[in-house]
Amino acid sequence: VLCLDGVIQVTDSDEFSYQEMITHLPMFSHPCPKNVLVIGGGDGGVLREVVKHPSVETVTLCEIDEAVIETSKKYFPSLAVGFEHPKVSVHIMDGLEYMRQHQSSFDVIITDSSDPIGPAATLFQKEYYACMRSALRPEGLLCTQGESMWLHADLIQSMTAFCKELFPVVSYAYTTIPTYPSGVIGFVLCSNNAGTKFPVPTRSPTAAPAAADDGDWNMKYYNEDIHKAAFVLPQFVRSKLALQRPE
């Protein structure tokens, strides 16, 4: 178990649900992701999943707390394996500042953040999403940790509302994970491309991945059907967020 400030972040038993979904929902929504930026994600799990995509050329990780990386390498080798890939580069710095220095540079940005408490609170604000928009290429898209629809519906409503002011396409999805409060965790997804249809993956994990010699994506949770189902929201969430129904 990995905890930050007394809050559980990762457990060996169910990390795959979160890591696979926060990664593959956006990655399979983009037709050809080549350059990917990960903000946070110091445990390495998102890196592990991103490099499975054959189209990826570079993966940049910005983590403000180097101790998270070192702890994961020591105690969570199945997660930290992502740091060993030659396409990965790591920067110990503020992701917001890094994006300001790299405009129109990324096909996909994934923000794997902790809860909106302390320094992480800025990652749930409009300014941060505007910065991501500028760092994305014209066809780029993003995915961020989006809290629990059972516990944080007002926050999610606020986030999706300002996202709709910034992006032509905004959606919300979720996954089940026993470790996290209420047993679910959500994701906010936005795209600069008005033609993006998040509930419909542009590709399928059928071809051999880039990072496995045995030709297996080694997924325990994600598949094409679960991708589509992740965007089917309960009526109280659909009404509160006023998002378009999946097509």
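A residue is called buried here when its relative accessible area is under 20%, exposed when over 50%, and partly exposed in between (1.4 Å probe, protein chains only). The model is a predicted one, so local features need pLDDT of at least 70 and side-chain atom pairs count only at pLDDT 80 or more, while totals for chains, interfaces and linings use all residues. Residues are numbered from 1 along each chain as its sequence is written, and side-chain values rest on heavy atoms, with hydrogens and water left out.

The chain carries 9 helices and 9 strands, taken as DSSP runs (H or I, at least four residues, for helices; E, at least two, for strands) and numbered from the N terminus. With contact meaning heavy atoms within 4.5 Å, 73% of the contacts between residues at least 6 apart in sequence join residues at least 24 apart.

Now to the sheet. Strands count as paired if DSSP finds at least two bridges between them, and on that basis 7 strands make up an open sheet with mixed pairing, in the order β5-β4-β3-β6-β7-β9-β8. At the edges stand β5 (88-91) and β8 (169-176); each has a single partner strand, so one side of each lacks a neighbour in the sheet. On average, neighbouring strands are turned by 15 degrees against each other, direction ignored; axes are lines fitted to C-alpha atoms (for helices, over the stretch in contact), and angles run from 0 to 180 degrees between N-to-C directions. Strand β3 (residues 35-40) runs parallel to β4, with 5 bridges joining the two, and V36 sits opposite V59 of β4. Helix α6 (residues 126-135) packs on this sheet, where it touches β3, β6 (106-112), β7 (136-145) and β9 (184-191), and its direction makes about 140 degrees with that of β7.

T60 gives a view from inside β4 (residues 58-62). With a relative accessibility of 7%, T60 counts as buried. Neighbours within four places in sequence aside, T60 is in contact with V36, L37, V38, S89, H91, Y98 and F106.

Helix α7 (residues 153-166) is 14 residues long and spans 20 Å from first C-alpha to last, close to the 20 Å expected at 1.5 Å a residue, that expectation being 1.5 Å times one less than the number of residues. I156, M159, T160, F162, C163 and L166 are buried in α7, and their cover includes α6, β8, β9 and α9. An α-helix has 3.6 residues a turn, so residues three or four places apart point the same way.

As for the aromatics, rings of Phe, Tyr and Trp (its six-membered ring) pair if their centres lie within 6.5 Å, with planes under 30 degrees apart called stacked, over 60 edge-to-face and the rest tilted. The whole structure holds 9 such pairs. The rings of Y128 and Y129 have centres 6.1 Å apart and planes at 85 degrees, so this pair is edge-to-face; both Y128 and Y129 are buried. F198 and F231 are stacked instead, 6.5 Å centre to centre with 15 degrees between the planes. F198 belongs to the loop between β9 and α8 (224-229) and F231 to the loop between α8 and α9 (235-241), so the pair ties together parts 33 residues apart in sequence. F198 is buried at a relative accessible area of 1%, and F231 is buried at 3%. Elsewhere, ring pairs link Y18, Y180 and F187 into a cluster.
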